[in-house]
Amino acid sequence: MVCEQRAWYHAARIPRIPHRVALRWAGARPRPGGSLTGRLAIPTSTAAARGSLRRDVRIIGLVGAAHFVSHFFQLVLPPLFPLLRDDFGVTYVHLGLLMSLFYAASGIGQTASGFLVDHFGARRVLPSGMALLAVAMALAGLAPSYWTLMAVALVGGLGNSVFQPADYSIFNASVSPTRLGRAYGVHSICGNLGWVLAPVVVVGLSAAFGWRAALLTVGGLGVAAALAVSTQGDVLDDRRELAGLRSVPVGGWSASVTLLMTRPILIAFAYFALLATSQIGIQTFSVSAMVAIYEAPLGLATGALTAFFVGSAAGILLGAFLADRTSRHDLLASGGMCVGALASLAMASAVPPLAVLPVLMALAGFCLGATTPARDMLVRAATPPGASGKVYGFVYSGLDLGSALTPLLFGWLLDKGEPRMVFVASAAFILLTIATLVQVHRQAAPAGERVPAHR
């Protein structure tokens, strides 16, 4: 039993509490097959490993499908911008503002959604957010004016804010620890598939039936998906890590804010902000930069960006398996980022021939994608039981912050006639994230000892 407890402790990085203190806190006996091994009553590795493969696959599939819905609706409106521009008589700046409002609402709402997840449970919040996002996109198909679209974008962003805190709360509580890395990997790949399919589906429906009918159709399908997820509450359990507890102390808002302001959580927030700045810079401006630096044909530059996304998906698959087979997730993520930064610098040098650009972009995408499951494992290590919603909601809002700032910086570099700096700046931000990864790894356990979870 001692060996089992140590195995669970090292896998989840949960600081220990004296047995009598844990019993008094929990107010309950250990569950069969488990023991009080950390801050709360949590099954040991043996009990956790007993979760059947079939159940884990079902959970991962359901949550991955929900994440697919999130990313799908993120790219429903942009492909229709040319049509919306003509129908509403607005500029592309106005249409770009719609997406800015969407991501601003999503970023601000993520932390609040995390608190809702920790209080009401992810199995209630997740389908509610899915339905709100889908209804917003359906209403966009009925919008009589541009101003209505602005309100729809805000509502859709609030619906989109629930996915990260809800998804990771379910994974951390219900998926066997030995399969968490693969769960995070499938989660990311499903999101990427949503991005890939949204333009194809929406543009195809719009060509056949018009853009309003297209939005109403995908919105209706999204509502149906939300209803389907709402019937799986028995599977999407995010309360298992608190099972058997009836007297967990409630510290209120001040304790929750104190938790989010701890050093490892703030460093994780900074990590996601830097990551978004580097990756969104490549995704958004690499085509323009390659055309300017290499005088590359637009088709080749676009193909290189596609190679980046394909490489990223392949990297996520490998990273998912590696994350389940190592406890040094900081080293795994740091190594991938170093190679990705070197590939970016190579493209900035203007030395490689045109034919090598897709290879370099694929390599950069692969290495950065391979770090995705490891980074999620690091955030989990810094998250106290019962606080997955608020912690993941807060740190992932850093992605929205970085995504909002990126166009300003990289657009300014291109306007100044410095296309090489797009890749140099991306590499610099990638390298900066390594420092945050190391700090999260070092601070995770001490943070857990300082601040217990509060609901």
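The expected span of a helix is 1.5 Å times one less than its number of residues, where helices (H or I, at least four residues) are DSSP runs numbered from the N terminus. This is a predicted model, in which local features need pLDDT of at least 70 and side-chain atom pairs count only at pLDDT 80 or more, while totals for chains, interfaces and linings use all residues. Residues are numbered from 1 along each chain as its sequence is written, and side-chain values use heavy atoms, with hydrogens and water left out.

Select helix 7 (residues 122–140) to begin: its 19 residues should span 27 Å, and its end C-alpha atoms are 27 Å apart, which agrees. Its buried residues (under 20% relative accessible area, 1.4 Å probe, protein chains only) include Val125, Leu126, Met130, Leu133 and Met137. Colour their partners next, since the buried residues of helix 7 pack (heavy atoms within 4.5 Å) against helix 4, helix 6 (92–120), helix 8 (146–160), helix 9 and helix 11 (211–230).

Two of these partners, helix 4 (residues 53–74) and helix 9 (residues 163–174), have axes, lines fitted to C-alpha atoms over the stretch in contact with angles from 0 to 180 degrees between N-to-C directions, that come within 10 Å and cross at roughly 175 degrees. Helix 4 and helix 9 are therefore roughly antiparallel (over 145 degrees). Among the residues that meet are Ile59, Ile60 and Val63 in helix 4 and Ile170 and Phe171 in helix 9.

Finally, select helix 10 (residues 180–209) with helix 14 (residues 298–323), which pack at an angle of about 165 degrees with their axes 7 Å apart. That makes helix 10 roughly antiparallel to helix 14. Their contact includes Gly181, Gly185 and Ile189 of helix 10 and Ala313, Ile316 and Leu317 of helix 14.

Key. Helices (H or I, at least four residues) and strands (E, at least two) are DSSP runs, numbered from the N terminus. Angles under 35 degrees count as roughly parallel, over 145 as roughly antiparallel, 65 to 115 as roughly perpendicular and the rest as oblique. Buried means under 20% relative accessible area, exposed over 50%, partly exposed in between (1.4 Å probe, protein chains only).
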